[in-house]
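This report describes selected features of the structure shown below. Please keep the sequence and the model in view while reading.

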Amino acid sequence: MVEDLLRQFAPQVLGSLVRRYGHFDLAEDAVQEALLAAALQWPEQGIPENPRGWLITVAVRRLTDELRSDEARRRREERAAAELPREHVETPPDPEQVPAGEDDTLTLFFLCAHPALSPASQLALTLRAVGGLATAEIARAFLVPDATIAQRISRAKQQIKASHIPFTLPAESERAERLTVVLHVLYLIFNEGYTASSGPDLQRGELTSEAIRLAREVRRLLPDDGEVAGLLALMLLTDARRAARTRADGSLVPLAEQDRERWNGSYIEEGVALVTDALARSPLGPYQLQAAIAAVHDEAAQAADTDWPQILVLYELLERISPNPMVTLNHAVAVAMVKGPQAGLELLGPLDDDRRLAEHHRLDAVRAHLLEMAGDRAAARSSYRRAARRTTSLAERRYLEARANRLTSDAR
Amino acid sequence: MKYVALVYTNPGAFEALSQAERDAMMSEADVYLKEFTESGELLGEGFALADPSTGRTVRVRNGLPAVTDGPFAEAKEQLAGLYVLDAESIERATEIVTRDPAARFWAVEVRPIMDTGGAEM
């Protein structure tokens with residue numbers, strides 16, 4: 001409860017500090033310290049009347065302490081070096097005067113997903129600065145040492161400082177392109193969590209809820225953007241299947257065999273409403289189309305009821321506005337479901353020459369499924385085996401091996 | 001995606017280097033470790049392994065452990081050390097390992113570490 005509240009305030013508090021004092025790198029550390037102080041004090045002493053003001057006051061105190069000691073250090077060094085006259089240290093304004101209600105969260109989203117930063121740094125910084133997660137929590141989610149996440153964050157901050165990236169919204173002319181990066185960061189955070197299965201991976205699974213929470217936040221700030229709505233819808237419609245997508249032992253259940261009773265109905269309802277509305281009033285975009293495809297799957301009460309002709313139309317549109325080999329692959333599945341496996345297999349042919357996909361297990365896996373549909377058991381079996389050798393996921397390898405073995409034993 | 005980098009050397013390979021080569025290798029290794037730790041791609045410290053002859057090999061058959069010293073086999077190449085990378089792709093992991101001085105003198109194998117999770121199909 002306290003934690004939710006803190007995480008909700010984190011970007012607003014950080015925004016206030018950076019707007020007034022600059023020093024994004026130090027301000028971000030100061031906010032983390034204020035969050036930690038609150039997490040320790042509030043559960044015992046109760047939530048203050050103005051929690052946001054409390055956090056800002058504490059964070060400003062930490063920041064000014066830090067700036068003063070920085071300043072003192074610099075002056076000592078300067079005096080020692082050249083006996084230069086001292087500069088006056090500007091006293092920061094009274095934190096009580098910080099107006100409530102202003103919100104720089106969107107600016108923070110853009111800053112954390114700045115194209116000058118590496119994708120890994122963008123993810124870590126977004127989760128910490130906007131999501132309010134501690135370094136150790138992010139490290140646990142990504143299954144890496146704390147020091148690695150700390151490095152990625154401090155490197156990102158150094159780059160922001162060195163490139164003099166201003167704390168303002170991007171210019172209108174580059175807004176759309178920059179928003180694409182922000183959304184992509186959230187998409188990657190979601191996927192990182194979604195592919196996690198059970199057991200030791202559970203903490204990683206929490207990344208999906210965090211991605212959904214952050215996507216809701218972007219939507220609150222940009223309610224009219226169709227792609228923002230589309231991404232949130234895609235996350236909800238995908239995550240809706242989470243309980244049904246793995247068995248207790250962590251093995252994967254393909255979409256067609258999932259127990260649809262276990263899908264999350266309220267997520268499906270919300271996702272369908274979001275994407276329907278977005279498609280009706282925004283320019284078409286890839287997230288909206290992917291969400292629309294997920295919605296068609298989710299709306300089928302049984303796998304056999306799936307409206308494949310509609311999915312095929314949506315993939316044709318997606319292939320036109322956002323072509324990539326993964327889309328072609330899924331398009332081929334839809335073609336096979338509507339026009340038969342042979343038509344789907346024909347679409348796969350050219351992908352063998354696509355360097356982005358030729359070595360990828362998904363191409364072999366899809367080919368295997370389509371060959372199985374076509375009744376070519378021997379070829380299907382060897383495609384499953386190839387896919388199993390190429391995947392870097394244990395759960396996928398087990399699934400693919402099982403499909404291959406099933407064809408072997410049935411053949412007798 | 002996480003990768004393990006496996007360093008293979010011939011027995012006595014390091015000792016066979018000249019003093020100048022050893023010095024160069026050690027200082028390059030420091031630079032290498034620092035650079036990719038700071039980029040957030042090299043995870044943890046990595047391990048240098050003692051000679052295989054100092055180890056034990058364990059096999060349990062029918063519930064009975066059989067422990068042998070070694071291996072002492074005259075392997076041309078043996079595992080001498082390993083470390084873990086977290087990189088965007090195998091291409092990036094390969095690019096990083098190319099900078100490892102061990103790759104210049106010997107060989108470094110890069111292998112993806114399998115993920116327990118996965119995407120349903």
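## Overall form of chain B

The radius of gyration used here is taken over C-alpha atoms, and the value for a globule follows from 2.2 Å times the number of residues to the power 0.38. The structure is a predicted model. For chain B the radius of gyration is 17 Å, whereas a compact globule of 121 residues would have a value near 14 Å. Along the principal axes, the C-alpha atoms of chain B fill a box of roughly 55 × 45 × 20 Å.

Chain B contains four helices and six strands. Their order along the sequence is β-α-α-β-β-β-β-α-α-β. Contacts in chain B can be sorted by separation in sequence: among those between residues at least 6 apart, 73% join residues at least 24 apart.

## Surface and charge of chain B

Of the 121 residues in chain B, 31% are buried. The chain exposes about 7300 Å², and carbon and sulfur atoms supply 57% of this area.

The side chains of chain B include 11 positive and 21 negative ones. The centres of these two sets lie 6 Å apart.

## Salt bridges

Side chains of opposite charge can pair when their charged atoms come close. A salt bridge is counted when a side-chain nitrogen of Lys or Arg lies within 4 Å of a carboxyl oxygen of Asp or Glu. Over all chains, the count comes to 34 salt bridges.

One of them lies in chain B, where the side chains of K34(B) and E38(B) meet with an N to O distance of 3.1 Å. How are these two residues placed in helix α2 of chain B? They are four residues apart in this helix, which spans residues 19-38, and are therefore separated by about one helical turn. K34(B) is exposed, with a relative accessibility of 52%, while E38(B) is partly exposed at 34%.

## Salt bridges between distant parts of chain A

In chain A, the side chains of E257(A) and R403(A) form a salt bridge of 3.5 Å, N to O. This pair links distant parts of the chain, 146 residues apart: E257(A) belongs to the loop between α11 (242-245) and α12 (265-281), and R403(A) to helix α19 (residues 394-410). E257(A) is partly exposed, with a relative accessible area of 44%. R403(A), at 11% relative accessibility, counts as buried, because buried means under 20%.

A second example joins R386(A) and D364(A), with 3.1 Å from N to O. Here R386(A) in helix α18 (residues 377-390) is linked to D364(A) in helix α17 (residues 361-374), 22 residues apart. Which of these residues is buried and which is partly exposed? D364(A) is buried, with a relative accessible area of 2%, and R386(A) is partly exposed at 35% relative accessibility.

Salt bridges may also join into a network, as in the case of E28(A), D29(A), R128(A) and K157(A).

## The loop between α17 and α18

The loop between α17 and α18 of chain A holds G375(A). This glycine is partly exposed, with a relative accessible area of 48%. The C-alpha atom of G375(A) is separated by 9.4 Å from that of P341(A), although the two residues are 34 residues apart along the chain.

Terms used. Residues numbered from 1 in each chain as written. Chains lettered and ligands numbered in written order. Predicted model: local features only at pLDDT ≥ 70, side-chain atom pairs only at ≥ 80, totals over all residues. Heavy atoms only, no water. Buried < 20%, exposed > 50% of the residue type's maximum accessible area, 1.4 Å probe, protein only. Contact = heavy atoms within 4.5 Å. Areas by Shrake-Rupley, 256 points an atom, 1.4 Å probe, with all protein chains shown as cover. Lys, Arg positive; Asp, Glu negative; His and termini not counted. Charge placed at Lys NZ, Arg CZ, Asp CG, Glu CD.
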